[in-house]
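The sequence and the structure are shown first.

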Amino acid sequence: HPVEHCMPDKEEALEVEGVVTQALANTRFRVRLDSGGAEVMAHVAGRMRKHFIRIFPVDRVKVELSPYDLTKGRIT
């Protein structure tokens, strides 16, 4: 039985840009979004973690926001 119907579609994720304001424990970051200046919690996408890409405060990042919870995202 296919698992696809359980997972939200990739297209539903909102992609926004922002600036990292704070690095937190276990690859989580606080990111201030360009649109409206809201802050979200974001974790690092697996591909970036695999290639050991470092992220620091003041870095500009692209964040995929979950349509269900707009306070959490994934840094791509």
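## Core, pocket and confidence

In the largest nonpolar core, which has 14 residues, Phe 29, Val 31, Ile 55, Val 61, Val 63 and Ile 75 touch the most other members. A nonpolar core is a set of buried Ala, Val, Leu, Ile, Met, Phe, Trp, Tyr and Cys residues joined through side-chain atoms within 4.5 Å. At least two residues of this core come from each of β1 (14–24), β2, β3 (39–44) and β4 (60–65). The model is predicted: local features need pLDDT of at least 70 and side-chain atom pairs count only at pLDDT 80 or more, while totals for chains, interfaces and linings use all residues. Residues are numbered from 1 along each chain as its sequence is written, and side-chain values use heavy atoms, with hydrogens and water left out.

One helix and five strands are present in the chain, in the order β-β-β-α-β-β along the sequence. Helices (H or I, at least four residues) and strands (E, at least two) are DSSP runs, numbered from the N terminus.

Val 63 lies in strand β4. Val 63 is buried, because its relative accessible area is 0% and buried means under 20% (exposed is over 50%, partly exposed in between; 1.4 Å probe, protein chains only). Of the 76 residues in the chain, 24% are buried.

| Residue | Residues touched |
|---|---|
| Ile 55 | Val 20, Phe 29, Val 44, Met 48, Val 61, Ile 75 |
| Val 63 | Leu 14, Glu 15, Val 16, Val 31, Ala 42, Gly 73, Arg 74, Ile 75 |

Among contacts between residues at least 6 apart in sequence, 50% join residues at least 24 apart.

The lining of the second largest pocket includes Phe 29, Val 44, Met 48 and Ile 55. That lining divides into seven nonpolar, one polar and two charged residues.

Confidence is given as pLDDT, the predictor's confidence in each residue, from 0 to 100. The chain has a mean pLDDT of 83, with 86% of its residues at 70 or more. Over residues 1–5 pLDDT stays under 50, and the model has zero contacts beyond four places in sequence for them.

Technical notes. 1 Å grid on protein atoms, 1.4 Å probe; cavity = no way out; pocket = protein on both sides within 12 Å on 5 of 7 lines; lining within 4 Å. Nonpolar A, V, L, I, M, F, W, Y, C, P; charged D, E, K, R; others polar. Contact = heavy atoms within 4.5 Å.
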